Amino acid sequence: MKSLLTFLQGGVHPPEAKGQTAALPIERMPVPDELEIILGQHIGAPCEPTVTRREEVVEGGLIGEVKKGLGVPLHSPVAGTIKAIGTSAHPMRVSAPSVTIKVDHEAARADYQAGDWQQLAADELKKKVHEAGIIGIGGAGFPTHVKLSPPRDAQIDQLLLNGAECEPYITADHRQMLEHASEVVEGARIIMKILGVTKCQIGIESNKPDAIETMTRAAEAVSSADCTIQVQGLEVKYPQGSEKQLIQALTGRKVPSQSLPSAVGVVVHNVSTAAAIYDAVACSKPLYEKVVTIAGKGINKPANLLVKVGTKVSDIVDYLGGVKPELTKIIMGGPMMGFAVSDLSIPITKTTSSVLFLTEDEVDTNPHSACIRCGWCIDACPMGLEPKEVGIHVEANRAEDTARFGVFDCFECGSCAYVCPAKRPLVQFVRLAKMKAKR
């Protein structure tokens, strides 16, 4: 039996909890009466609205653009009328500038037909990716056209696609790979042409054997002497899907501290981002809808929903029959890296992977206590950092002294907090340290 690939340092094995939705096909949710589109959905400068109040918009029409700085344009997910340009609830920033659209339910849906992209030059392909507003929809939100433009001196020799989906509960990528495998590998071929590479590896954790089988068939169907796409089974270990850990697992290469994957000759994209790239290039379809896993014992009907960007969590709750009285905590994102929210009016963005409705037996409500210096967080950290020291220094009002413990190499996976017997909020300590150290 072929051994499974993995990264070497740290990592944890939280309960997978994917059984609630893994077998549920992607379901298109009916469009609600209103959508609230956050103007800042990516890393970089937020969009400025290109529409005005009471203006009519069409599905896929431009509603926002970045005029200066890093960013991508924003498109209307529906036909309708601009109701307001104001602010909406946000899971991390409390509120954020947004555009509210009153939906025209009588308008016909946009029809996108696939065309031949293979005659286009690399620069033309990249331009279509930018114009469609594609960002890393696995969670990072980095503008994809920038990621497809590595430094000129970088010796890129392969593309990696991330199909690990290692966070508990989330199955959105799993369903994408089962139901849209051909779009994912076509997206990989487009990226390979842009980068000028002939090799692609797709990493998928071994707890998705059906996805490994489906993606292997799709990859073999398009592979040739000058385009090799291989699917690799990965050990089930969190955070297998983080960029640097995936690179080490698939290539054996280690990205230096504070460096990008291009430093070791690779570019990494999420499988769902690859499918979005195919839609953008072959079908000229902007990114304005998203597959989101809705799970947890606190929601009446778990689901993998295809929703319009801007759909409010409250509309999703209504569609799925409401929440249960035992609901204790709502998290946007996964349980390891997501954010707890208390406002159901928060809209879905391009990077929302899941919304979890958890009951008391699914969350740890014990209060945290002082560090007992057991060192478990050090063993669990996949970056070899010292989370306990970061926490101790933050509590002592010495956040500016935490750089020596590698705080800026931390990508906040939460492995340290997961194993901490004192239940210390180590990720929150790291975020606070970064914020204060940057001042």
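**Close-ups: cavities, a pocket and a helix pair**

**View 1. The second largest cavity has a volume of about 80 Å³.** A cavity here is a set of points on a 1 Å grid over the protein atoms alone where a 1.4 Å probe fits but cannot get out; grid points are joined across faces, edges and corners, and the volume is the space filled by probe spheres set on them. Thirteen residues line this one (an atom within 4 Å of a point), and closest to its centre sit Cys371, Cys374, Cys377, Lys388 and Cys420. By class, the lining has nine nonpolar, one polar and three charged residues. Ala, Val, Leu, Ile, Met, Phe, Trp, Tyr, Cys and Pro go down as nonpolar, Asp, Glu, Lys and Arg as charged, and the others, Gly among them, as polar.

A note on the model: it is predicted, so local features need pLDDT of at least 70 and side-chain atom pairs count only at pLDDT 80 or more, while totals for chains, interfaces and linings use all residues. Numbering starts from 1 along each chain as its sequence is written, and side-chain values use heavy atoms, with hydrogens and water left out.

**View 2. The largest cavity holds about 140 Å³ of space.** Of its 19 lining residues, Cys381, Leu385, Pro387, Cys410 and Cys416 come closest to the centre. Helices α10 (387–395), α11 and α12 each supply at least two residues of the lining; helices are DSSP runs of H or I with at least four residues, strands are E runs of at least two, and both are numbered from the N terminus. The lining splits into 14 nonpolar, three polar and two charged residues. In total, the structure has two cavities of 30 Å³ or more.

**View 3. The second largest pocket has a volume of about 980 Å³.** A pocket is an open set of points with protein on both sides within 12 Å along at least five of seven lines. Its lining takes in 29 residues, with Lys329, Ile331, Pro335, Asp364 and Ala417 nearest the centre. Two or more residues each come from β15 (327–332), β16 (339–341), α11 (415–419) and α12 (426–438), and α12 gives the largest share, three residues.

**View 4. Helices α1 (residues 122–131) and α4 (residues 181–195) cross at roughly 125°, their axes coming within 8 Å.** Axes are lines fitted to C-alpha atoms over the stretch in contact, and angles run from 0 to 180 degrees between N-to-C directions. Ala122, Leu125 and Lys126 of α1 meet Ile190, Lys193 and Ile194 of α4, where contact means heavy atoms within 4.5 Å. That contact has four nonpolar, no polar and two charged residues.
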